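This report looks at side-chain contacts and surface features in a single protein model. Please have the sequence and the structure at hand while reading.

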Amino acid sequence: MIKVTLDKFEEASEVVKNVTSETKLVYSEYWSRQTGNKIYLKPENMQYTGAYKVRGSYYKISTLSEEERKKGLITASAGNHAQGVAYAAQQFGAKATIVMPTSTPLIKVNRTKSYGAKVVLHGEVYDEACQKAYELAEKNGYTFIHPFDDLDVATGQGTVAMEIFKDLPLVEYILVPIGGGGLAAGVATLAKQLNPKIKVIGVEPAGASCMKASLEAGKVVTLPNVNTIADGTAVKTPGEKIFPYVQKNLDDIIAVKDDDLIVTFLDMVENHKMVVENSGLLTVAALRQLKVKGKRIAAILSGGNMDVITMSSVVQQGLIFRNRIFTVSVLLPDKPGELCKITGIIAKEQGNVIKLDHNQFINTNRSSAVELRITLEAFGQEHKEQIIRVLDQTGYRPKLVQTNL
C-alpha cells in the first residue's frame, strides 16, 4: 500500500485545477444549529460537470500514454463519472464510450452526450453496465477507466480533501459518500496522511450498503441486490483495489435511509438554495446520526445532477413527510354553500387548499352525505393537527387519507 502517496496527491491537485473549480467550504448555520457542531459543506455539486468525479477522470487520463488515449476510452457509470470521463476525454482530444444503466436519469445521459461521448444504455444497475463496458473494451481495444476501483482515479478524487484542509486546517471530521469507494479511499487516505487524528466517516444508502457489508466481512462482498433513490451510489460490489485503503483509513460507516434523503433535499433547497442529488445528500442526512458535539465537520456534497422529474417527486414527498402537505376526507350534505363553509373554516385557520376531490357517489342518499377530499398545505405537524382539530370540533369528523398530488 505505497502507491497512493502524498506526492501523488499533490501532483493530482495541480493537474485537476485545469478542469475544476475550487469549491470553497460553505458554513451552514442551519445544520450547525440542528446538530450542535460546526458544519461546513463542500459543494462539489457546483463543479462544471455537476460532481466531483471529473477530478479522478481527468487525473487518470492525464497519466495515460498517447497510445492508450488514441485507442479510445470506455467506462461504466450511473451518471457522474460518465460526465467526468466524457468531459476529460474531450479536453485531451480522445474519443469516449460510456455504458450507463437504463435507469439513469435523462439529464445525466444528455449531458454525457453533450461532451461528445457515445452513450450505450445497458442493464438495470451499475454492475451490469460495467460488465458490458468490459466486454466492449475487450472487443474494440478501448482503454477502460474504472469509476472507482483504480488508484489513480482515487488519488484524483482525494484532491477534495486537500481543498478541505486548505479552507479548514483544524477540521476534525470529514463525511464522505460511498458508492464503490473511490472517493472514500482517496479522501480518507489523504486526510490521515495530513492529520492522523482526524475522523473520516463514510456514508452509504441503506439500500446499497456494500462497503459496510464488506468491512464487516473483512473482504469485498457483493450484495444480492440494491434498492435506493441514491442512484449514483447504487453499487453492489465495492472496489477490490481501493478496499485496503478504505479498510485502513475509514473510521466508521453510517447507513442512510431513502426517507431521510427526501427530507434532507427539502432542507438543502430551503435553507441553502442548493440542488444536491440524492447521493450527494448522504453526508448531510448522516449528520443527525453522529454522536458528537462541538466538532468542526466537513460534509462532502458529491454532486448535483438531478433531473427535474425526480426533483419534483422528492420535493412533494418531502413536504408530505414533514406534514406540510396532507389530505383529509370529510362527509358533508350535498347542498349549496357547504363547500364555501368548510373552506372558510380552513382559511380562518390559515390552511391553504391545494386540491379538492368531490365524490357524490359515496352514499346513495346524496342529501345525507357526499365525500370531499381536501389536500392542504400547512406550516408543519402542529399546524396540521390544529386544522384537523378545528374541523372535528365543527362536526366534519375528518379522516386522514393518503395524499396523491
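Which residues make a nonpolar surface patch of about 210 Å²? The patch is made by Leu339, Val353 and Leu356, in a model that is predicted. Leu356 has its place in strand β12, which covers residues 352-359, and this leucine is partly exposed, with a relative accessible area of 35%.

A search of the whole structure finds 19 salt bridges. One of these joins the side chains of Glu163 and Arg55, with a distance of 3.0 Å from N to O. This pair links distant parts of the chain, since Glu163 belongs to helix α9 (residues 159-167) and Arg55 to helix α3 (residues 54-63), 108 residues apart. Both partners are buried because each falls under the 20% limit that defines this class: Glu163 has a relative accessible area of 12%, and Arg55 has a value of 0%.

A salt bridge is also formed by Lys108 and Asp231, whose closest N and O atoms are 3.0 Å apart. Here, too, distant parts of the chain are linked, with Lys108 in helix α6 (residues 106-114) and Asp231 in the loop between α11 (210-217) and α12 (243-249), 123 residues apart. Lys108 is buried, with a relative accessible area of 0%, whereas Asp231 is partly exposed at 26%. Lys295 sits in the loop between α14 (282-285) and β10 (296-301), while Glu172 sits in the loop between α9 and β7 (173-177), and the two are 123 residues apart. Lys295 is partly exposed at 28% relative accessibility, and Glu172 is likewise partly exposed at 22%.

Beyond these pairs, a network of salt bridges links Glu22, Lys24, Lys166 and Asp167.

## Cysteines

How many disulfides does the count come to? The count comes to zero. For Cys130, the nearest cysteine sulfur is that of Cys210, 13 Å away, and a disulfide would require the two sulfur atoms to be within 2.5 Å, so Cys130 is in no disulfide. Cys130 is buried, with a relative accessible area of 7%, whereas Cys340 counts as exposed at 58% relative accessibility.

## Aromatic pairs

A pair of aromatic rings is described by the distance of the centres and the angle of the planes. The structure holds eight aromatic pairs. In the pair of Tyr30 and Trp31, the ring centres are 5.1 Å apart and the planes stand at 85°, so the arrangement is edge-to-face. Both residues are buried, Tyr30 with a relative accessible area of 14% and Trp31 with 0%.

The rings of Tyr134 and Phe144 have their centres 4.3 Å apart and their planes at 20°, and the pair therefore counts as stacked. Because Tyr134 lies in helix α7 (residues 126-140) and Phe144 in strand β6 (residues 143-144), this pair ties together parts that are 10 residues apart in sequence. Tyr134 is partly exposed, with a relative accessible area of 39%, while Phe144 is buried at 19%.

Definitions and conventions: Residues numbered from 1 in each chain as written. Predicted model: local features only at pLDDT ≥ 70, side-chain atom pairs only at ≥ 80, totals over all residues. Heavy atoms only, no water. Salt bridge = Lys/Arg side-chain N within 4 Å of Asp/Glu carboxyl O. Helix = DSSP H or I, 4+ residues; strand = E, 2+ residues; numbered from the N terminus. Buried < 20%, exposed > 50% of the residue type's maximum accessible area, 1.4 Å probe, protein only. Patch = residues over 30% accessible without salt bridge, like charges linked within 9 Å, V, L, I, M, F, W, Y side chains within 5 Å. Areas by Shrake-Rupley, 256 points an atom, 1.4 Å probe, with all protein chains shown as cover. Phe/Tyr/Trp six-rings, centres within 6.5 Å; stacked < 30°, edge-to-face > 60°.
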